[in-house]
Amino acid sequence: MEHKKLLSDNSVHSEEPQPTTTRAQILTVCLLMLSFAFVRTAIFVQLFATPLAATSMLINESGISGISTIPLSFIYYGGCFIAPFASKFMQAVGRLKGFILGCFLGMLGAAICVVATWFHSTGAPAWGCLVILSIGSLLLGFANGIVNFFRFAAADAVPHKRSFAISAVLFGGDVAALSGPPLGLWTKTLIWEFGASYIAIIILFFCAFLVLLLVNIPELTKPDLTGAVPPRSIWGLLKVPRLTLALVTGTIGFGCMVLLMGLIPVVMRSLSFEEAEISHVLQVHGVGMFLPSLVLGFVIERFGTMVTIFTGLLLLLGANGFMITGTGYWQFMVGMLFCGFGWNLSFIGSTTMLIECYLRLHLRPAEKATTQGANDFVMYLIVSSLTLASGSIWEALGSWQNVNYFSMALTLLGVVSMIFVFVGERVGNNSSKTQSIN
């Protein structure tokens, strides 16, 4: 069975000497990190501005807490639905053209959001403004979904140091975490409310585009269309336990983080916190999301992906437990910091596990594209659904503490899945050893 090859984290390390990393590879990773920093800053401005802009538009309407997260959820739905197409598109024309397309979609989406906020400033009907904001958010989601493939491009650029390359690129998010929320706060009323915030997003995507023009991204191997053997379906590939585990844990970690992060501006505003305080919480959370990337490559190489993901899920549980204790400023601050830590470990760990799986299975180019697209599709489908429902979940559960209990239950599903796969691998190893002895 193919999945027998996936029983040990240590099996990914070859006994042969590892090739050295060239200057060209280091430059590629650094430029990807810089471009990712611009893109991620734009995303943090979106995450700050979009729920608050929607709430402002619906301030005089009833039931705003249940529907004010709709535009934000469209950002994640956009990432969900574009993922499989983006993977196939980049397989056909190359990652660089795909990333450039993502930047232009981001600029277009932000421009539509500028129009929505301008209409709102003129006193236009709230629902019409919300619809336009949602359309712009959907296009921003398309852009975010495409640029999330940066992590796979980094792994392709330095194949012998995949976890280091992924961690290095995602470390650009720390720059975004420090600059994004303050930029969103500073631009909020620079012209009409939130108009300058979305103009800043246009500029950031344009800067990311300029950096991409300097990047030498390795070309993807073209699929063999003349081969007699058709590519395996995603359902066949998901029979491999670790491939499914990478999908499940990555989705749960991302989903729980986004559920909490998406509600933070709305919940804190309902508790009469100042917007500067909300910005600080998002800023610290963003630092937590990317700071571990400094050392995570070493951690994964030393302890493996299973330990890394498991630790990430435990950190998410700890974040929930801390925020259950109250709704003070420091509960939000510390809880969301650890939520960020947990997301980083579970997301990079699951991404690395996914890549290790399709390398060990010797997937063909078309199968790799299918696996990457399916992974991001399912991940963003769950994430966007949780974001869309987050306001209703908060209303139905009645308190922020209960939302954290709900998040803990989801995270525990990931923990149980990891234990199940770990035990299954141990039993499989012991059975193989017994058979070899007999």
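Of the 438 residues of the protein, 55% count as buried, where buried means under 20% relative accessible area, exposed over 50%, and partly exposed in between, with a 1.4 Å probe and protein chains only. This is a predicted model, in which local features need pLDDT of at least 70 and side-chain atom pairs count only at pLDDT 80 or more, while totals for chains, interfaces and linings use all residues. Residues are numbered from 1 along each chain as its sequence is written, and side-chain values use heavy atoms, with hydrogens and water left out.

The protein has 16 helices and 0 strands; these are DSSP runs numbered from the N terminus, helices being H or I with at least four residues and strands E with at least two. Of the contacts with a separation of 6 or more, 87% are accounted for by residues 24 or more positions apart, a contact being heavy atoms within 4.5 Å.

Let me turn to one helix pair. The axes of α1 (residues 23–57) and α11 (residues 275–290) come within 11 Å and cross at roughly 145 degrees. Here, axes are lines fitted to C-alpha atoms, for helices over the stretch in contact, and angles run from 0 to 180 degrees between N-to-C directions. On the α1 side, the contact is made by Phe 36, Arg 40, Phe 44 and Phe 48; α11 contributes residues including Glu 275, Leu 282 and Phe 290.

Next, the loops. Ser 272, however, counts as exposed, at 63% relative accessibility.

The loop between α7 (162–187) and α8 (195–212) also holds Ile 191, which counts as partly exposed because its relative accessibility is 42%. Ile 191 belongs to a nonpolar surface patch with Trp 186, Leu 190, Ile 199 and Ile 203, with about 510 Å² of accessible area together. Accessible areas come from the Shrake-Rupley method with a 1.4 Å probe; for residues, only the protein chains shown count as cover. Patches are made of residues with over 30% relative accessible area and no salt bridge; like charges are joined within 9 Å, and nonpolar side chains (Val, Leu, Ile, Met, Phe, Trp, Tyr) within 5 Å. A salt bridge is a side-chain nitrogen of Lys or Arg within 4 Å of a carboxyl oxygen of Asp or Glu.
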